[in-house]
Amino acid sequence: MNRRSSVKKIMAVAGTGILTPQLGFLKNLLPDSKKAAAPSPFYLFTKALQWLPLEQVPETVKSLGFDGVDLPVRKNGFFNTDEIKQKLPIIVRKSETLGLKRPVLTTEMNLNQMADMDEFLRTISGEGITDYRMGYLPFTTKNIIKELKSLNASMKQLAELHEKHGVTGHYQNHAGRRIGGSVWEIYHLLKDINPDHIGVQFDLRHASVEGYQSYENVFHMISDQIRSFDLKDYVWGNVDDKGDRPINVPYGEGNVKFELLQEHPGFMGSLPKILHCEYDLGGAEHGHKHPTMSKEAILSAIAKDVKVYKTAKYK
């Protein structure tokens, strides 16, 4: 069946500009769930779906073959934390009805929001959410080790709040100059902190960019602190004649050696595996509400990533 023609027929039946996932065209693009035995739970970071109405997100995610929603709850996300009490229950109830896992959240919450942290953790815990990604921290001095030691003391206090509410904060390693560009920085930031209170969201793509020949070392170093995994891919390219830089590409089409993650028992076990679609999707990859790429093309691209993930060889 021709993908584009089948999608057009479905859109005509729907009679709306919003692609309704219950129409089921995605089944033609995805592997047979009974035959695919990929590690779960498998989440979608839904920044790429911010063109959808909030209430349609869980059903779309399920139609794409995921086990759960990773929801941006931050500035320029679906909503910010000041609306969490009103809007989070919508996603939680929809996910529950569809048999999805409890959502994971992506936020900007960190040490700079200590005054609001207790109430935030109480709220998400009350909705049964146990995992969220924290916001990044900047370096404010050039004395890196001294600053990380100071922040570590504050993070230990923050970890006590997480223990109180039964929630795990996940700090992601992310290429760049903020704390966590180097995985070693997170090692010092979270030193002697129980990772069930504040752990690491390990991003092999970013670890590979920052440590092109040593990413395996930092993976093993931080392994005991990992509590979730981000899945995304890249290649090196010089698209604007300003020198080589990492270019995001669809899952499995780049340089990331995803088989390394299979050495971690949590990857093959119960830790969240979160797909990020950050290659060109007409602006949807940046969370744009009105992407230039058609909605069916965006969902078809994500479905291709899902198929690659679910049909890969696993130990």
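Biologist: What do the eight strands close into, and in what order?
Modeller: In this predicted model, eight strands close into a barrel in the order 1-2-3-4-5-6-7-10, and the pairing between them is parallel. Neighbouring strands of this sheet are turned against each other by 30 degrees on average, if direction is ignored.

Biologist: How many bridges join strand 2 to strand 3?
Modeller: Strand 2, which covers residues 68–72, and strand 3, which covers residues 104–106, run parallel and are joined by three bridges.

Biologist: How many residues of strand 6 are buried?
Modeller: Six of its six residues are buried, so strand 6 is described as mostly covered.

Biologist: What kind of unit do strand 5, helix 6 and strand 6 make?
Modeller: Taken together, strand 5, helix 6 and strand 6 make a β-α-β unit, and that unit is right-handed.

Biologist: Switching to helix 8, which of its residues are buried?
Modeller: Helix 8 spans residues 215–222, and its buried residues are Tyr 215, Val 218, Phe 219 and Ile 222. Seen down the axis of helix 8, these buried residues fall within an arc of 105 degrees, so they line one face of the helix.

Biologist: Why would residues spaced like that point the same way?
Modeller: An α-helix has 3.6 residues a turn, so residues that are three or four places apart point the same way.

Biologist: What do the buried residues of helix 8 pack against?
Modeller: They pack against helix 6 (183–189), strand 6 (198–203), helix 7 (204–210) and strand 7 (226–231).

Biologist: New topic, the backbone: is the peptide bond from Ser 40 to Pro 41 cis or trans?
Modeller: That peptide bond is cis, with omega near 0 degrees, and Pro 41 has its place in the loop between helix 1 (3–14) and strand 1 (42–45).

Biologist: What about Asp 192, is its phi positive or negative?
Modeller: The phi of Asp 192 is near 65 degrees, which is a positive value in a residue other than glycine. Asp 192 lies in the loop between helix 6 and strand 6, and at 65% relative accessibility it counts as exposed, because the cut-off for that word is over 50%.

Biologist: And Asp 241, where is that found?
Modeller: Asp 241 is found in the loop between strand 8 (233–237) and strand 9 (245–249). Asp 241 has a positive phi of about 60 degrees although it is not a glycine, and it is exposed, with a relative accessible area of 70%.

Biologist: Is Ala 115 buried or exposed?
Modeller: Ala 115, which is found in helix 4 (residues 114–126), counts as exposed at 79% relative accessibility. Ala 115 and Gly 166 are 51 residues apart in sequence, and in space they are 18 Å apart from C-alpha to C-alpha.

Biologist: Last one, what pLDDT does the protein average?
Modeller: The protein averages a pLDDT of 91, and 91% of the residues score at least 70. Over residues 1–19, however, the pLDDT is below 50, and this stretch has 24 contacts in the model beyond near neighbours in sequence.

Note on methods
Residues are numbered from 1 along each chain as its sequence is written. This is a predicted model: local features need pLDDT of at least 70, side-chain atom pairs count only at pLDDT 80 or more; totals for chains, interfaces and linings use all residues. Side-chain values use heavy atoms; hydrogens and water are left out. Two strands pair if DSSP finds at least two bridges between them. Helices (H or I, at least four residues) and strands (E, at least two) are DSSP runs, numbered from the N terminus. Axes are lines fitted to C-alpha atoms, for helices over the stretch in contact, and angles run from 0 to 180 degrees between N-to-C directions. Buried means under 20% relative accessible area, exposed over 50%, partly exposed in between (1.4 Å probe, protein chains only). The arc is that of the directions from the helix axis to the C-beta atoms. Contact means heavy atoms within 4.5 Å. A crossover is right-handed if, with the strands pointing away from the viewer, the path from the first strand over the helix to the second runs clockwise. pLDDT is the predictor's confidence in each residue, from 0 to 100.
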